[in-house]
Structure formats: structure tokens, C-alpha cells
Amino acid sequence: MSYDSAKWEVVIGLEIHCQLATKSKIFSGASTAYGAEPNTQACAVDLALPGVLPVFNKEALRMAVKFGLAVDAKIGLRSVFDRKNYFYPDSPKAYQITQMDHPIVGKGHMDIELENGESKRIGITRAHLEEDAGKSMHGSYHGMTGIDLNRAGTPLIEIVSEPDMRSAKEAVAYMRKIHSLVRYIEISDGNMQEGSFRCDANVSVRPRGQQELGTRAELKNINSFRFVERAINHEIERQIDVIEDGGRVVQETRLYDADKDETRSMRSKEEANDYRYFPDPDLLPVVIDEAYVEQVRQSLPELPEQKKQRYMAEFELSIYDAAVITASRELAAYFEIVAAQCGDAKLSANWVTGELSAKLNKAELEITASKVDAEAFAGLLQRIKDNTISGKIAKEIFEAMWQGEGSADEIIESKGLKQITDSSAIEAMVDEVIANNPEQFAALQAGQDKLMGFFVGQVMKASGGKANPGQVNQLMQKKLKS
Amino acid sequence: MSLDADEVKKIAYLARLKIEEADIPGYVSNLSDILDLVEQMNAVDTAGVTPMSHPLDAVQRLREDVVTEGNQRELFQAIAPKTEDGLYLVPQVIE
């Protein structure tokens, strides 16, 4: 971020497209499985052959309602499908079936955590059901474009936020929360590489203090958290440059190019953004009742926000640790097993958000693919808790466990890493270190307290890291007084 | 309410319809007449009438989420003008 934030205010709203994890498409019985041979999962309905009719998928409805309840939104008991008309070869009907005036999910909200530890509420305007389009392949087809319609008709919810975000970081935080939520409630796999979860960002800037919103540009189809932040920051700087050079921002759609780290105008779509929405005569209004909504509500798991609050209350975790752990349902499940087995939730949280997460990040693994399972991890923490090993040695053991060398106990045994808690043995080492460093000891006795660290360090080193640091400290204090 | 020739051209473009220049005055007058009729209907007081989204007084039936359609690519592509590697080929779309 290199703009003057005292001078400029940034306004961001996001539209998130999230594929629903149904087995079949939203209006047809074709499979939604990813990665099939081109056009082997595009049936007559998806191809818009004459005479076909769409029939709405029950599960897509249930998942959309589930999302609405999870963001505390009003559920549309009567929702209506509309046609959004445009010509593009990845949409053979020449319209997309979506919801305009009567979406399935109305106003809701999502809280995000800011860097300063506070939380901020982001408004959700609405979320509606719609169908995804196919994919276009450019190049290597004799100057023609190849079309794969396997994705056409995959159910989506488009989640539209209020323009409540004030920085790229907030936008990323919001996107991550929504991403975590849809996976929690099991309505989407959230796979960004496969395009299951992607977003458009509406970005504008205005001089701080100005009421009226600046002209916005829409950044299309961003499919990674890193790119969202970069694309938005880039766009903010571009708009400020335009205004400071005396120009005007034009309302347009821009595409982010990750390779060049720039956004560029998509002129082709600029012309005639006139979608002429009207109710789809092929589909009747979708009517549900309160009992149905209640039934869906009962199926909701504990949500990340609720879990976070519970961890803070029950385990006395910091808001940061609680937020990190509850961001993923799988990580939270792992943590709960570790905490229950080792009997120390704070120690578990420190290790799960620290060593374990670092290791997973480095190896680019999800928690479910961790080389050390929750039971084994708890076994390691138990040995810290009962003073068999120090935290420092535990890191070495964790590394060995990750390499598949066995359980914590086996490694402690085979490598002789058991902590020395025998006072007389430690005292002998303390005496030796003092004897070898008479000048420093005299200085310590004369009041140079910072030398205490030096002595403890030397004793720890002499013990190969195996002495109990607390005991070393106590013994040093004793020596000093005697 | 009446349309002008440019609006008619725009509507035709949006619908990707090719219209002859000579026919435009006819479309202008016909389409304007339709809009005038709608305007007359707008005069009716509809306060308290629920907007209708479908002429049938029925609600949508739902489908179970099961895969019922198998691969019929060969059959469908037999009528396509051009295909390659399983893809439908269309005139180049420039982004």
C-alpha cells in the first residue's frame, strides 16, 4: 500500500461466486464433477437444445438457505428466477438463469477481525442462486475458440457485500471468512484453483471526508486471496494517479493480470451492459415455508464465529488464536482432540498455531494431510506438560515425528532426550559452568543481572538442552545468594 | 412514449438481429405503438396487487440431486458445425 491514506479513502464491495457442492447441475441431471473430458457432462438442457426445460435442484436450494442462515440473513420464502440476457458462446441459451428482484437470501452480515484485534461488521446485501457458464479455450484451434460446457449449469450462489470495506486487507479478510464459512457448512469445496470460489471487486476512491462515492471500477474473476489484495491495491493506486493527474475515473470492467501485476480495461464487455432481465417463464416461483427454514437451521453445525467465542470462553484463548484455529473446521477438530488429550488448551493452541501451522504452510499441506496426527501431537505436548522434555527439545522431536521417526515417546527414548530433572546432576553442571567463568560470576554477584541469562544458557548448552530450564534458574539463584 | 431510430438499432443489436435500414421506420412505429399500449395499462391503479412473476398459479417443483444424464457427447456433437478435441469450435472470441 503506497497511497496516502490520510488523504484518500478507499471503498470496496465484493461479489463472491461460490459453486455449490451438489452432485448434479442446478437445472439438469448432468454431473458437476470437476475435471471430466470436455463436454461429456453437458446434457441437452445445458446445451440449450430446443424443447428442453430446466427443473430446479432441491439440494441447491437447501444449500443456499443454509448459507443465508449462517450469515444471519432474511430468507426469501418466495424467490424468483430471472433471465439475464447476453450473447457469449460459453452460455448457449444466450441468457443466464439468475435471481434479480427476489433472491433466496436477503440482508445479512459477516464480522471480520482487523489487524488491531478489533472486529468489524461487513454487510451482506444479498445472495442469489444462478448457473455457472462454460469455459472458453483460446489459441491453437485454427483461429477459433474452443468451448467446453461441462461447467455450464453448475449451481452458484453470488454473495454480494455492501461497500463496507476500506482497504484491500479488509477485503481479503472478508473473503477468507466467507471462504471458511462455506466450507464449514459444507455447501462448497471452496477450491479456488478449480474455480469453485472466485470474486469480483468493486473499487472506488474518494478524498477523505467526501460523502459522495467515487466512480467505481469492477475487477473481474480474481481467484486467489493473494491476487485480491494485489489487484485491489493496484487499482487503488491507478485511480488515485488518474485523479491526481486531473483525469476522471470511468466506470468500467477491468481484468487483473497477475503476470504483469496490473489491471487492464475489458473493452469488449463495456458496450451495452444492458441485460434486459425478466422473470424466466420456464421456471415457477420457488416457495418455501418457515418449517423448512427451521429444518435447515437445525442442520447447521457450530459456526466459526460461535466456535471462536466458545474457545475464548472455555479455553481462555486469545481472539487471535481462537480466530486462526476456528478458520478451518478441520483444524478446529484437530485442536480439540489435542487439547482434550494433553489436557492443556493454551499449550495446544500455541503449538497448533505455531509449530504445526508453520510446518503445514511450508509443506503446503492441509491439516487433514498432516504428517503428525492429532493423537501423536497430543502425545508430544503431554511430555512438555509433565516436564519430560523442554519446549526447545520438543521442537526437535516434532521435526523427527514429522520425518516419520516414530512417536514422541519413542524418539525421546531412542535419542536420549529425556529432560534432566535430577537436582544434583543439574547442580554439578551449574557448579562447573560457574567454575569455568569466574569473572562473569563475580560480575553477576556485583549486580550485573543480565548475566543471569548467560549462565542459564551455558548450563543448558552443557546439558545438551536437556536440563529443566526452571530448575537451572532456581539453582543459579541459590548459588548467587550463597 | 415513442422510440427513435437509434433506439431501435440498439434493441436490434442487443438481440443480434440484422435489420434493413429501409424497415427501420416501420419498426419505430410498431414498437412505439406497443409501448403506448403498455403506457395505457400503466394508468390502471395496481396498488395492493401482488406483482405476478408467472401466469400459472403454481410453485416450482424440485428435482432430487441425482445424476441422471450420461455422456452423449458424440450424439450432440454430430450436429455441431465444428468440433475438435471434444470442444465445440466457434468464431474467435476476443477478450
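Trainee: How many residues are in contact across the two chains?

Mentor: Count each side separately. Chain B brings 34 residues into contact with 43 residues of chain A. On the chain B side, α1, β1 (62–63), α3 and β3 (87–91) each supply at least two residues. The largest share, five residues, belongs to β3(B). By residue class, the chain B side holds 16 nonpolar, eight polar and ten charged residues.

Trainee: Now confidence. What is the mean pLDDT of chain B?

Mentor: The general idea first: where pLDDT is low, the predicted coordinates should not be read in detail. For chain B the mean is 91, with 97% of its residues at 70 or more. The model as a whole scores ipTM 0.88 and pTM 0.82.

Trainee: And chain A: what is its radius of gyration?

Mentor: Compare it with a reference. Chain A has 29 Å, whereas a compact globule of 482 residues would have a radius of gyration near 23 Å. Along the principal axes, the C-alpha atoms of chain A fill a box of roughly 95 × 55 × 50 Å. Its secondary structure comprises 16 helices and 16 strands, and 40% of the 482 residues count as buried.

Terms used
Residues numbered from 1 in each chain as written. Chains lettered and ligands numbered in written order. Predicted model: local features only at pLDDT ≥ 70, side-chain atom pairs only at ≥ 80, totals over all residues. pLDDT = per-residue confidence, 0-100. Helix = DSSP H or I, 4+ residues; strand = E, 2+ residues; numbered from the N terminus. Rg over C-alpha atoms; globule rule 2.2 N^0.38 Å. Buried ≥ 20, exposed ≤ 12 C-beta atoms within 10 Å, placed from the backbone. Contact = placed C-beta atoms within 7 Å. Nonpolar A, V, L, I, M, F, W, Y, C, P; charged D, E, K, R; others polar.
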